[in-house]
Amino acid sequence: MTAFRERHCLVTGCGFVGSHLVDALLDAGGLVRVASLSGAAHLAHPNLDVVQADLTRIDDCVRVATGMDDVFHAAGTVGAAGVLPTSAMAGITLNLTLTANMLQAAWQVGVKRIQVYSSSTGYPVVSHPVNENEFWEGEPYPGYFGYGWMRRYIERLGEYVSQSSGVGVSIVRPGALYGPRDNFDPKTSHVIAGLIRRAIDGEEPFVVWGDGKDVRDIMHIRDFARGCLLALDQKADCDPVNISAGKGITTGELAAQVLEAVGRGDEKVVFDPSRPTALPYRVLNARKAQERLGFSPQISLGDGLRETVSWLREKLA
């Protein structure tokens, strides 16, 4: 992808999503600045500039956005199962603050384009692959209510800036992501990372909460990063786009593939229907990304899981 060659690109945050956006931009020839409170010591490249910034401070946001063509606003927190409501409120407040500040800074210094990240948690409850136009047709799933509405409001903030300024705004709605550099802490990780960590740790029996029939839309983080670059380049028009695999897999099938990836494919998954699960079905319709961006995932689930297992084992060694 040559569209970002020699463009000055800011990535806020350098965690799971942000670090892979950095990789994709550097591979595309971008001149990349990372703004992070803790830095990005794990990244090094001649076209990479890492600056420390507290994005809760508007002055810091203006400073890091100055001179940038494009901004990928990946800084923030993500929700996880088991998070206490009081902790969830802190995350909601932080995400809104960071996004509002970065949108204001982009507007103030004349950034050409900015990408903000919504969430599939904002969609209402449906039993089919949900398309972008259905986002506002009902309330989010009750378990996602606070987080889902926060992501909805972030979209509205992006629309306001898009309508009121010359800044192009790209809104991306991800599916479930996995891959190297994810959060693998069993207490705070999402389902995929949690399954991988438990399988590597040798948990036996290998227990999955629920009946194994919940369906999720899962994609490798490098595919997602590539889709984000396409979205900013081709759809900075404030028209949201799902970046996802566009197909579902049950949690039971996923758990079996995780066991296969760690070399325990002969073991059976044990289901515990007495334990709580979340939304039974969540798959995103990926047609808009396919037709308007030319995007489709390239990394198979099996290959992606094996790579992620290998990466984590190396980190745990």
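In this predicted model, a search of the whole structure finds 8 aromatic pairs. One of them joins tryptophan 107 and tyrosine 160, whose ring centres are 5.7 Å apart and whose planes stand at 70°, an angle that makes the pair edge-to-face because it is over 60 degrees. Since tryptophan 107 belongs to helix H3 (residues 85-109) and tyrosine 160 to helix H4 (residues 145-164), the pair ties together parts that lie 53 residues apart in sequence. Tryptophan 107 itself is partly exposed, its relative accessible area being 34%.

Another pair is formed by phenylalanine 184 and tryptophan 311, with ring centres 6.0 Å apart and planes at 35°, so this pair counts as tilted. It links distant parts of the chain, 127 residues apart, for phenylalanine 184 is in the loop between strand S7 (176-178) and helix H5 (191-200), while tryptophan 311 is in helix H9 (residues 301-316). Phenylalanine 184 is buried, at 6% relative accessibility, whereas tryptophan 311 is partly exposed, with a relative accessible area of 24%.

A further group of rings is the aromatic cluster made up of Tyr123, Phe135, Trp136 and Trp149. Arginine 152 lies over the face of phenylalanine 135 and also over the face of tryptophan 149, at the distances listed here.

| Charged residue | Ring | Distance from the ring centre |
|---|---|---|
| Arginine 152 | Phenylalanine 135 | 5.4 Å |
| Arginine 152 | Tryptophan 149 | 4.6 Å |

Note on methods:
Residues numbered from 1 in each chain as written. Predicted model: local features only at pLDDT ≥ 70, side-chain atom pairs only at ≥ 80, totals over all residues. Heavy atoms only, no water. Phe/Tyr/Trp six-rings, centres within 6.5 Å; stacked < 30°, edge-to-face > 60°. Helix = DSSP H or I, 4+ residues; strand = E, 2+ residues; numbered from the N terminus. Buried < 20%, exposed > 50% of the residue type's maximum accessible area, 1.4 Å probe, protein only. Lys NZ or Arg CZ within 6 Å of the ring centre and 35° of its normal.
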